[in-house]
Amino acid sequence: MNELDSVRPIRWSREGLFLLDQRLLPGRCVELQCTSAADVATAIRDMVVRGAPAIGIAAAFGVVLAVRSRYRENPDNWRNSIAVDVELLAASRPTAVNLFWALKRMAALTVTEGEDPVPRFEAEAKAIHNEDIAANHRMGELGAALISEPCNMLTHCNAGALATGGYGTALGVIRSAFATGKLQQIYADETRPWLQGARLTAWELAEDGIPTRLIADGAAAYLMQCGMIRWVVVGSDRIAANGDVANKIGTYGLAVNAHHHGVGFMVVAPTSTIDMSIVSGAEIPIEERTTDELLNFQGVSIAPKEGTAWNPVFDVTPAALVDVLVTERGVVHTPDREKLSNLMAHTR
Ligand code: MRU
């Protein structure tokens with residue numbers, strides 16, 4: 001790990017899965033221990049761990065915990081009994097396809113009759129984790145290479161080390177751009193209502209000494225109008241076969257504004273985020289979370305008690321607004337169905 005990559009949200013050990021509790025950041029750095037698949041499902045649902053790739057990695061280790069306990073209970077029937085655990089993990093959050101990708105990859109593992117399955121599952125979950133970090137470094141290099149001269153950029157939500165195995169997708173590009181002298185200043189949207197930008201992005205970039213300026217979400221269009229940024233760089237939770245991109249609510253507005261102001265719009269996501277089974281973004285399930293996240297802040301009511309609210313937490317940016325998609329397999333300019341199909345032609 002170099003000094004631009006100091007944050008790790010997921011740690012596996014013999015005692016179980018340890019997740020940096022992202023609900024408590026930036027005030028407190030506390031790990032939460034998960035010893036069962038149910039613990040992991042709850043941690044994903046409650047946002048202890050969040051961000052598409054990190055959710056997938058945590059779920060993979062959740063399957064390891066399920067296999068470990070079901071095999072102990074009944075070595076002859078563990079395969080059938082883990083189905084309920086996998087279902088529980090799959091029901092934790094709906095939008096990030098990395099969750100379902102990782103569960104499918106784990107469920108596809110075969111072991112020989114009579115063999116202890118735990119080491120095999122453990123090795124696969126570790127591989128998913130390590131491959132994600134490697135993919136992020138690769139995307140960091142590829143994305144930074146697209147930036148021609150030192151400039152300011154804007155990011156939304158947290159697509160950083162905290163949202164992945166490490167290094168980050170969008171923030172991986174930002175880390176690599178900073179390391180190669182291409183980043184002057186990163187602006188981070190605070191990302192209402194959960195404040196991933198303020199609490200997580202600003203914190204993890206500060207940990208690595210990357211110059212970061214926080215803005216209110218509503219300031220982003222003005223930032224572009226003032227000519228203060230060259231690129232918007234974001235991650236994704238699911239990309240449809242035609243290149244439509246689901247990401248944190250507010251991303252679509254940024255893309256529209258970037259288009260209007262001639263600012264580049266870059267999406268950085270591993271191929272585990274691309275869902276070729278859906279034709280367009282219209283098919284992506286958009287999670288709606290409790291309205292408490294909008295009506296209250298840290299337990300204090302910030303709207304009329306009788307107030308109502310609507311809290312969709314993702315939106316879909318049409319492919320036509322994406323200038324470039326950076327994946328670990330390469331860069332796709334103006335993504336569309338044909339280009340994504342070529343990119344994914346050799347999917348494992
Ligand atoms: O609700 P969250 O915090 O899980 O949403 C996370 C995002 O929207 C990220 O931008 C996305 O998962 C990409 S993470 C590399």
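A word on what you're looking at. This is a predicted model, where local features need pLDDT of at least 70, side-chain atom pairs count only at pLDDT 80 or more, and totals for chains, interfaces and linings use all residues. Residues are numbered from 1 along each chain as its sequence is written, and side-chain values use heavy atoms, with hydrogens and water left out.

Okay, the overall picture. The chain has eleven helices and 16 strands. Its radius of gyration is 20 Å, close to the 20 Å that the globule rule gives for 348 residues, so the chain is as compact as a globular protein of that length. For the record, that radius is taken over C-alpha atoms, and the rule is 2.2 Å times the number of residues to the power 0.38. Along the principal axes, the C-alpha atoms fill a box of roughly 65 × 50 × 40 Å.

How much of the chain is buried? Buried residues make up 56% of the 348. By buried I mean under 20% relative accessible area; exposed is over 50%, and partly exposed is in between, with a 1.4 Å probe and protein chains only. The chain exposes about 14,600 Å², and carbon and sulfur atoms supply 52% of that. Those areas come from the Shrake-Rupley method with a 1.4 Å probe, and for residues only the protein chains shown count as cover.

Now contacts, meaning heavy atoms within 4.5 Å. Of the chain's contacts with a separation of 6 or more, 74% are between residues 24 or more positions apart.

Let's zoom in on a helix pair. Two packed helices are described by the angle between their axes and the distance between the axes. Helix α3 (residues 78-90) and helix α4 (residues 97-107) pack at about 170°, with axes 11 Å apart. The axes are lines fitted to C-alpha atoms, for helices over the stretch in contact, and angles run from 0 to 180 degrees between N-to-C directions. So α3 and α4 are roughly antiparallel to each other. The cut-offs are under 35 degrees for roughly parallel, over 145 for roughly antiparallel, 65 to 115 for roughly perpendicular, and oblique for the rest.

Which residues meet there? From α3 we have Arg 79, Val 86, Leu 89 and Ala 90, and from α4 we have Leu 99, Phe 100, Leu 103 and Ala 107. Sorted by class, that contact has seven nonpolar residues, no polar ones and one charged.  Here Ala, Val, Leu, Ile, Met, Phe, Trp, Tyr, Cys and Pro count as nonpolar, Asp, Glu, Lys and Arg as charged, and the others, Gly among them, as polar.

Next, helix α6 (residues 170-179), which is mostly covered, with eight of its ten residues buried. Among the buried ones are Leu 171, Val 173, Ile 174 and Arg 175. The buried residues of α6 pack against several elements, including α5 (118-145), β4 (151-155) and β10 (264-268). After α6 comes Gly 181, with a positive phi near 75°.

Another cis bond joins Arg 192 and Pro 193, with omega about 0°. Pro 193 is in the loop between β5 (183-189) and α7 (196-207).

Met 47 isn't a glycine, yet its phi is positive, about 70°. You'll find Met 47 in the loop between α1 (37-45) and α2 (52-73). Buried or exposed? Met 47 counts as buried, at 1% relative accessibility.

And here's Thr 334 again: its phi is positive too, near 40°. Thr 334 counts as partly exposed, at 45%.

Last stop, Thr 35, in the loop between β3 and α1. Thr 35 is partly exposed at 47% relative accessibility. Not counting residues up to four places away in sequence, Thr 35 touches Glu 15 and Leu 65.

How values were computed: Helix = DSSP H or I, 4+ residues; strand = E, 2+ residues; numbered from the N terminus.
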